[in-house]
Amino acid sequence: KGKCPEDGWDESTIELFLHELAIMDSNNFLGNCGVGEREGRVASGLVARRHYRLIHGIGRSGDISAVQPKAAGSSLLNKLTNSVVLDIIKLAGVRTVTNCFVVPMATGMSLTLCFLTLRHKRPKAKYIIWPRIDQKSCFKSMITAGFEPVVIENVLEGDELRTDIEAVEAKIKALGAENILCVHSTTSCFAPRVPDRLEELAVICANYDIPHIVNNAYGVQSSKCMHLIQQGARAGRIDAFVQSLDKNFMVPVGGAIIAGFNESFIQEISKMYPGKASASPSLDVLITLLSLGASGYKQLLKERKEMFSYLSSELKKLADNHNERLLDTPHNPISLAMSLRNLDENNDAAVTQLGSMLFTRQVSGARVVPCGSVQTVNNYTFKGFMSHANNYPCAYLNAASAIGIKKQDVDVFLKRLDKCLKTSRKESKKEKSVNEISNSNTGAEQLED
């Protein structure tokens, strides 16, 4: 049926299935005689075993989703993977999605592929409307495709940074709809930024007949992000949404899923991919989903949501103990932010030092964001880079509850963060007292003079 099995398979069953697929490929035929330049020859047995002898990759030179006559097994693997992934996207909340395919590139390059496909539909367009999110790959995806990003600054509502819908519409009117390739919005993001107002953006795109591409990098694991995409497609226009394989399905980096509601447009994107492609990302995600089954994946989504509530409540307690606060970002379902106002006020370098202290204590993924950092990306200068705004009111620390996180991860993180904050506070007090003594000595010397 091309759907994810309800209950996961054991490893020996999965391996038997993969071997059955592999013997359908011509390079594994006993009497095969290859005289071409690409015959699935592999010098190392270790490499062959690593790929289950599925060597031919996926697609043909003109279409990444096409069937290869001499690689029936690899082609079947590709078709099945896309079908199973489509089933999971529907299960995760986007019920009306019609088509998707796995592409062996991470999210940024997959977004670039979407923009390049739109170029042929809108040859006059040179701009992409982009509500600001301080993440380099999604910004560079537009530059690499040869377009000019039009950055729309976010609006501060309480602690949250939200989409400025009025500014988006005003910019469309100022530039002219025919000159705009698309609106490039975002769901999953670091707090205090929250997912874009997808429904309102989708309605604007429908009204002005402008394509809409959504960066849903790690949004599949969030029912809220998926609901936003579903609502956007129902109320207005969403042409494609792109999500990472590693962030949502716990596989190695290197793959993404491009999905959408118009089957022919998604096929156009797959035909835009030049040449054949690696089967590794498809193989990894198929093995993972067959192992988990639909029930296993649903359980992971449930556990992630529970861990988000736990992380939120425990981080709030820790923040209160250190006279800081958990920023109020109810519209962000994955990422949390804790203020570092006291640390920042006592010592300029203390905030970035906290980040390095956590890293050396083997805490990965926590982001420490100081105030006022400036960064230039492809000749565009961002003030307050990493905070998604020119002047966010305070420095802060990010932590996320992503798929696969365990209670032990949260507990160990909070314990180490608590120690680091205590150490930072002691050092800040020492430095402050040294500076006060130094200043008083200088004052005394001036009086003597």
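Buried means under 20% relative accessible area, exposed means over 50%, and partly exposed lies in between, computed with a 1.4 Å probe on protein chains only. At 41% relative accessibility, Lys422 counts as partly exposed.

The model is predicted, and local features need pLDDT of at least 70, side-chain atom pairs count only at pLDDT 80 or more, and totals for chains, interfaces and linings use all residues. Residues are numbered from 1 along each chain as its sequence is written, and side-chain values use heavy atoms, with hydrogens and water left out.

**Salt bridges**

Side chains of opposite charge can pair when their charged atoms come close. A salt bridge is a side-chain nitrogen of Lys or Arg within 4 Å of a carboxyl oxygen of Asp or Glu. The structure has 16 salt bridges by this rule, including those in the table.

| Lys or Arg | Asp or Glu | N to O distance |
|---|---|---|
| Arg132 | Asp134 | 2.7 Å |
| Arg237 | Asp239 | 2.9 Å |
| Lys422 | Asp418 | 3.2 Å |

Arg132 and Asp134 are both buried.

Helices (H or I, at least four residues) and strands (E, at least two) are DSSP runs, numbered from the N terminus. Lys422 and Asp418 belong to helix α14 (residues 407-448), and because they are four residues apart there, about one helical turn separates them. Asp418 is partly exposed, with 22% relative accessibility.

**Annotated positions**

In an unreviewed UniProt entry, the annotation "binding site" covers Arg234, Arg361 and Lys426. These residues span 193 residues in sequence, and their farthest two C-alpha atoms are 54.3 Å apart, so they do not all gather at one spot. UniProt positions are given in the numbering used here, feature names are shortened, and annotations may be inferred rather than shown by experiment.

Arg234 is part of helix α8 (residues 223-235) and is exposed, with a relative accessible area of 57%. Arg361 sits in the loop between α13 (350-360) and β11 (367-369) and is partly exposed, at 37%.

Leaving out residues up to four places away in sequence, Arg361 is in contact (heavy atoms within 4.5 Å) with Arg416 and Cys420. The side chain of Arg361 also reaches the backbone oxygen of Met357, at 3.0 Å.

Technical notes:
A polar contact is a pair of N or O atoms within 3.5 Å; within protein, one must be able to donate a hydrogen and the other to accept it, and residues adjacent in sequence count only if both atoms are side-chain atoms.
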